[in-house]
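Please keep the structure in view while going through the points.

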Amino acid sequence: MADLFQADALDDEQLEYIQNEFFAGFKRYKNSDTLPAGLDKYDQLDDSLKHQVSINLCRELLREQKNSKGFPLKHFIDDVQSVYCSDNRPWVIGYSGGKDSSAVVTLIYLALLSLDESKRTKPVYVVASDTLVETPLVVDHVNRSLESIGNNAKKDGLPLTTHKVLPKPHQTFWSCLLGKGYPAPTQSFRWCTERMKIDPVSDFIKDKVSQHDEVIVILGSRSQESASRAQVIAKHKIENTRLARHTTLANAFIYTPIDTWSMDDVWKLIRACSLEVTISPMGIGKKWADEYGLEWENPWGGKNLTLWNLYKDSSDQGECPMVIDDSTPSCGNSRFGCWTCTVVTKDRAMESLIQNGEEWMQPLLTFRNKLAETNVPANKDIYRNYKRRQGKVNYQRVKDGQELSEERAHVPGPYWLKYRKEWLTELLVQQREFNKDGYSVTLVTEPELHAIRQEWLNDPNEPDWADSLPKIYREVFGVDLNWVINDNSSFGEVEAQILTDLGEQYNVEPEMVQKLLDLELSLEGLSRRTGVFDKLGTLLRQDWGTLDEIKQRHAQLQSKSDFDIHKDQIDKYEREILELEKQAKVEF
């Protein structure tokens with residue numbers, strides 16, 4: 001060890017590494033037994049070879065090791081048991097199937113297993129959130145893990161159950177992108193995370209709060225991995241406890257049992273074998289020593305080797321360097337998420353999985369890249385409607401120092417319906433091919449298909465009078481689903497074409513007439529049509545015509561109040577409506 005700490009042998013980055021990670025390893029796993037001999041040897045060196053900062057650090061490590069006697073796994077199990085037994089608030093564990101959440105579930109499972117049965121008094125819920133667009137391999141891993149954890153917890157007599165939550169059908173990725181026409185997510189418009197991941201888990205927590213008044217949420221957050229998350233948790237920390245207040249949910253508290261762990265600590269627990277740390281003039285090295293016969297086994301009887309291989313195969317190098325040394329980037333930093341994610345520039349995890357033998361997933365990566373292309377500025381006007389969902393043409397806001405009279409860039413709206421139809425067809429065809437090839441993959445679920453259909457039928461810009469989705473499904477699979485009868489079946493493709501022809505003849509926008517007819521149908525049979533005139537006014541105030549025509553009209557307007565080409569006519573209608581409402585209120 002002493003050979004490393006010679007004059008000019010360490011740079012600032014190495015010193016910081018030792019302080020943050022190696023120091024933690026000494027404290028927890030008692031692998032500093034050789035430190036005293038190393039320091040004695042160091043003292044015999046010539047003063048010119050000594051690095052005073054390094055020797056001070058080594059002596060601090062030795063002093064800490066003697067005082068704390070190390071932090072073995074039992075220390076953290078005792079900590080979990082102490083927090084568990086301190087009150088009657090149930091626990092909700094967020095489980096993603098990744099390394100950190102797997103370590104947390106393992107730690108808590110061991111803590112419950114070694115706890116006296118009489119003290120296992122409150123429920124522990126292991127909750128996984130499935131966005132419905134997770135990488136298929138991860139979905140399979142999570143599903144099998146949840147089943148195994150739940151079954152074996154029941155056999156072991158533990159008050160631990162597993163649950164999977166899903167986004168609501170109208171809030172899923174495909175319901176929003178294909179149904180509503182939302183553009184593929186970007187850093188500036190990341191509409192997916194809250195709808196698909198946060199809200200389903202929050203709803204589960206709220207349900208448990210309503211049953212038990214308060215709950216404790218267990219997270220696998222580590223300070224070393226996310227400094228921002230560590231700061232947020234620290235800000236809401238409750239003094240003299242291991243808990244913090246939840247940042248958004250009332251009566252929910254946060255417990256992070258592995259917040260001080262390093263990544264190596266996590267893998268040590270998952271692999272359940274000894275990690276040897278070595279030091280040489282080449283740097284700090286780590287390798288696994290297979291000292292235990294139950295290597296890779298988790299407490300519910302499964303093997304964590306599947307998880308290890310997922311991380312290994314998703315790294316650019318195809319291997320996990322923790323087995324070798326520190327010179328290779330760690331695959332422990334691999335990220336698994338939605339295969340549709342366009343927030344990142346490239347899905348390197350998916351690319352590496354395909355390179356490492358999962359070639360069958362290439363169509364998913366190709367489709368994901370196609371969605372990413374729609375966010376290229378030059379392509380936005382091709383794929384997206386020039387009007388927003390409220391029927392208006394919008395422009396970028398005035399920037400600091402910009403003149404109000406300056407022309408501002410046009411902001412496109414949702415995807416055109418024709419592209420959404422093409423993409424849904426492509427997904428359903430690919431789903432059919434996957435199943436033919438023996439891969440049990442559902443790309444778009446039945447509830448999503450029903451939600452997408454309703455969005456198309458009631459699209460604010462392009463209502464789908466043709467009711468295209470059942471036809472698309474039938475053409476791909478040769479069967480029908482149990483579709484809800486379309487209440488708007490009075491109109492179809494023929495009627496839409498008639499409106500188009502009449503619109504050209506009488507210089508009236510056929511889309512406006514179509515939407516007015518849809519509004520009339522939606523109110524049919526109501527004894528009181530509350531707000532009907534407001535709805536009519538909203539439709540008439542929308543921008544009608546081509547983008548060039550609308551821009552030309554906007555350029556001629558003198559003020560924002562004149563932004564409606566039908567303003568004079570609408571003002572007249574509104575005066576007449578007010579008069580009619582006054583007469584309607586007269587009691588007979």
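The points below treat the sheet, the helices on it, the salt bridges and the aromatic rings.

1. Basis of the note. This is a predicted model, in which local features need pLDDT of at least 70 and side-chain atom pairs count only at pLDDT 80 or more, while totals for chains, interfaces and linings use all residues. Residues are numbered from 1 along each chain as its sequence is written, and side-chain values use heavy atoms, with hydrogens and water left out.

2. Six strands form an open sheet with mixed pairing, in the order 3-2-1-4-6-5. Strands here are DSSP runs of E with at least two residues, and helices are runs of H or I with at least four; both are numbered from the N terminus. Two strands pair if DSSP finds at least two bridges between them. At the edges are strand 3 (160-165) and strand 5 (243-245), each of which pairs on one side only. On average, neighbouring strands of the sheet are turned by 30° against each other, direction ignored. Axes are lines fitted to C-alpha atoms, for helices over the stretch in contact, and angles run from 0 to 180 degrees between N-to-C directions.

3. Strand 6 and its partners. Strands of a sheet pair through backbone hydrogen bonds, either parallel or antiparallel. Strand 5 is joined to strand 6 (residues 252-255) by three bridges, and the two run antiparallel. Here R245 stands opposite F253, and the bridge partner of L243 is Y255. Strand 4 and strand 6 run parallel and share four bridges; the partner of I216 in strand 6 is F253. The hairpin of strand 5 and strand 6 has six residues between the strands, and N251 in this hairpin takes a positive phi near 65°.

4. Two faces of strand 6. Which way do the side chains of strand 6 point? A252 and I254 point one way, F253 and Y255 the other, and all are buried. Buried means under 20% relative accessible area, exposed over 50%, and partly exposed in between, with a 1.4 Å probe and protein chains only.

5. Helix 8 (residues 192-212) lies across strand 1, strand 2, strand 3, strand 4 and strand 6, running at about 160° to strand 2. Contact means heavy atoms within 4.5 Å.

6. The whole structure holds 17 salt bridges, each defined as a side-chain nitrogen of Lys or Arg within 4 Å of a carboxyl oxygen of Asp or Glu. One of them joins E214 and R89 at 3.5 Å, N to O. E214 lies in the loop between helix 8 and strand 4, and R89 in the loop between helix 4 (73-85) and strand 1, so the pair ties together parts that are 125 residues apart in sequence. E214 is partly exposed at 28% relative accessible area, whereas R89 is buried at 17%. Both belong to a network of salt bridges that links D87, R89, K122 and E214.

7. K421 and D464 meet in a salt bridge of 3.6 Å, N to O. K421 is in helix 15 (residues 417-436) and D464 in the loop between helix 16 (446-457) and helix 17 (468-477), 43 residues apart. D464 is buried at 4%, while K421 is partly exposed at 23%. R474 and D480 form another salt bridge, at 2.9 Å, N to O. The buried residues of helix 17, among them L469, I472 and V476, pack against helix 15 and helix 16. Just after helix 17, G478 takes a positive phi of about 75°.

8. Aromatic rings. There are 23 aromatic pairs in the whole structure. Rings of Phe, Tyr and Trp (its six-membered ring) pair if their centres lie within 6.5 Å; planes under 30 degrees apart count as stacked, over 60 as edge-to-face and the rest as tilted. The ring centres of Y182 and F189 are 6.2 Å apart and their planes stand at 50°, so this pair is tilted. Y182 is buried at 16%, but F189 is partly exposed at 40%.
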